[in-house]
Amino acid sequence: MRGLMMNTPLLISAIAEHAARYHGGREIVSVTADNPRHRYTVAEAMARARQLANALVKLGLSKGDRVATIAWNDYRHLEIYYGVSGSGYVCHTINPRLFAEQLVFIINHAQDRWIFVDPMFLPLIEKIADKITGVEGFVVLTDEAHMPDTSLQNVRCYETLVGAESSDFAWPELDENSAAALCYTSGTTGDPKGVLYSHRSTLLHAYAGVAPDVMNLSSRDNVLPVVPLFHVNAWGIPYSALMVGAKLVLPGPKMGDGETLYALMDSEDVTLALGVPTVWLALLQYMAKAGKRLDKLKSTIIGGAAVPRSMIEEFRDKHDVEVRQGWGMTEMSPLGTVNTAKAGLESMSGDEQLDLATKAGRGIFGVEMRIVDADGVEQPWDGVAYGALQVRGLWICSDYFRLEGGAGTHTPDGWFETGDVATIDPHGYLAITDRTKDVIKSGGEWISSIELENVATDHSAVAEAAVIGVAHPKWTERPLLVVVKAEGQEVSKDDLLAWFDGKVASWCVPDDVAFVEELPHTATGKVKKIELRKQFADYRLPD
Ligand code: ADP
């Protein structure tokens with residue numbers, strides 16, 4: 001017997017309508033290249049999204065067509081999220097920090113018809129214009145007064161395009177399984193792969209995101225996503241925040257600038273901020289130097305890479321800010337786990353709480369996880385056994401765009417291979433040991449680079465650390481610790497190596513330390529291990 005409930009489709013436009021009706025007066029604050037503090041309301045944002053929707057019709061787009069963005073986190077980008085997806089087109093967010101060849105590949109593979117671009121990224125496009133001839137035109141995200149000169153053809157001004165339209169627009173009734181957004185993985189191995197989110201997956205992910213044990217987001221929050229709108233939809237914040245009516249604070253091009261981030265958080269009363277560890281490193285360094293404290297921030301969601309214990313401790317002890325570590329990936333929309341204490345664990349000591357907080361967190365309802373060994377045999381959740389991590393669920397990709405099963409990333413029984421190696425403890429807390437390709441294979445045993453990095457960054461003289469495997473005649477690979485020293489601090493190789501005594505098994509202690517001025521980072525702020533391995537390709541371990 002079938003249930004007798006309405007089958008209302010889960011659509012992104014429903015968030016736009018709900019937000020305008022219930023939270024229309026809520027503010028959206030942005031830093032943009034042409035305005036250090038732009039502010040307007042949710043009602044205005046959603047009206048402009050509808051104006052944009054009218055303009056898109058006139059551009060002659062058909063349902064499912066890809067409209068790309070190359071832009072920072074600001075209000076115009078947010079309008080495109082809703083205007084494009086809400087109308088049934090696919091919002092393809094492109095990472096501006098990619099190499100030119102990757103940009104060309106992604107734009108052509110996605111078959112983008114129009115590109116909406118921040119003025120500062122025009123030179124990037126001009127350089128590749130002759131290789132992306134399928135693109136019909138470009139919309140520059142500014143007003144007429146700030147339109148830059150460009151050699152590109154068919155260029156429009158965003159404010160003029162939107163300003164010419166009425167805000168009367170009826171969002172179409174779409175199939176909830178139709179595509180809404182597209183984001184390519186960064187392509188550290190081979191060509192980037194396109195993850196194609198549906199309206200349904202996006203809404204279910206947004207619902208899950210606001211829950212108390214996930215982001216704990218409500219209409220009383222002021223949210224600062226430092227994670228870019230081009231990086232897995234800023235972890236779903238543009239949808240979750242508008243769903244509940246939280247105030248959005250968008251940092252524009254000032255993502256890595258500790259001083260601006262602090263000023264934004266302080267003056268806009270930010271209660272929740274989200275970003276990768278590297279970004280928070282910059283913020284914490286700025287605050288330590290300037291003697292500032294975060295009084296209003298309640299919690300921060302940090303993910304995308306392992307969060308150092310010292311970072312969690314500094315937020316907690318100096319700023320009274322709760323760090324919630326999260327784990328996920330582009331293919332997972334991205335939320336997989338978030339770390340909060342379960343009932344019964346509140347009585348832990350401060351140190352035990354810290355130990356727990358360094359884990360990636362518990363699986364969110366909607367995502368199933370399992371760890372398997374090399375033969376595909378499931379491993380126990382005992383916190384010790386490790387295995388390749390596989391997931392399945394409501395917002396996890398079933399395939400990649402235009403690859404038709406060719407990626408080989410799904411098991412025959414329908415689980416997605418994350419490429420991560422992990423343990424899961426009896427309480428269900430996941431700890432990422434490594435990425436399959438970063439794990440150090442020493443004499444048949446696996447050494448976790450993440451574990452060693454965490455120990456290293458807990459040393460006060462270490463600002464940032466990365467561990468890579470380097471060739472070894474007997475053990476195949478041995479760990480090399482690469483370190484950026486904290487400003488004004490000194491430490492010797494021997495002292496650093498001694499720091500590992502008693503903290504990790506003796507055979508896991510790195511064989512050597514290399515000091516560098518800085519580490520190479522990916523476009524999303526993670527250490528680029530591939531690049532680092534290239535840098536140390538000729539490196540020889542001491543005898
Ligand atoms: P990419 O880095 O390939 O562009 P994502 O941004 O989707 O892709 O990153 C996903 C990967 O980031 C995960 O598979 C995992 O290896 C790593 N990652 C994310 N969160 C964490 C975390 N909390 N701890 C350790 N690794 C993490």
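Two residue pairs are in polar contact across the interface of domain 1 and domain 2, both at pLDDT 80 or more. The model is predicted. Across that interface the rule finds zero salt bridges. The chain's domain assignment gives domain 1 (12-255), domain 2 (368-433) and domain 3 (440-535).

**Interface of domain 1 and domain 2**

- The centres of domain 1 and domain 2, taken over C-alpha atoms, are 30 Å apart.
- Domain 1 puts 17 residues into the contact, and domain 2 puts in eight residues.
- About 1000 Å² is buried between domain 1 and domain 2, with 73% of it on carbon and sulfur atoms.
- On the domain 1 side, His109, Lys193 and Leu204 lose the most area to domain 2; together they make up 39% of what that side buries.

**The domain 1 side**

- At least two residues each come from helix H4 (100-110), strand E8 (179-184), strand E9 (194-198) and helix H7 (199-209).
- H7 supplies the largest share, five residues.

- Strand E14 (residues 322-328) runs antiparallel to strand E15 (residues 335-338), and three bridges join them.
- E14 and E15 form a hairpin with six residues between them.
- Ser333, in the turn, has a positive phi of about 75°.
- E15 also pairs with strand E16 (residues 361-363), antiparallel, over two bridges.
- Val338 in E15 is the bridge partner of Gly326, and the bridge partner of Val338 in E16 is Arg362.

Technical notes. Residues are numbered from 1 along each chain as its sequence is written. This is a predicted model: local features need pLDDT of at least 70, side-chain atom pairs count only at pLDDT 80 or more; totals for chains, interfaces and linings use all residues. Side-chain values use heavy atoms; hydrogens and water are left out. Two strands pair if DSSP finds at least two bridges between them. Helices (H or I, at least four residues) and strands (E, at least two) are DSSP runs, numbered from the N terminus. Domain bounds come from an automatic or database domain assignment. Contact means heavy atoms within 4.5 Å. Buried area is the accessible area (1.4 Å probe) that two parts lose on being put together, summed over both. A salt bridge is a side-chain nitrogen of Lys or Arg within 4 Å of a carboxyl oxygen of Asp or Glu. A polar contact is a pair of N or O atoms within 3.5 Å; within protein, one must be able to donate a hydrogen and the other to accept it, and residues adjacent in sequence count only if both atoms are side-chain atoms.
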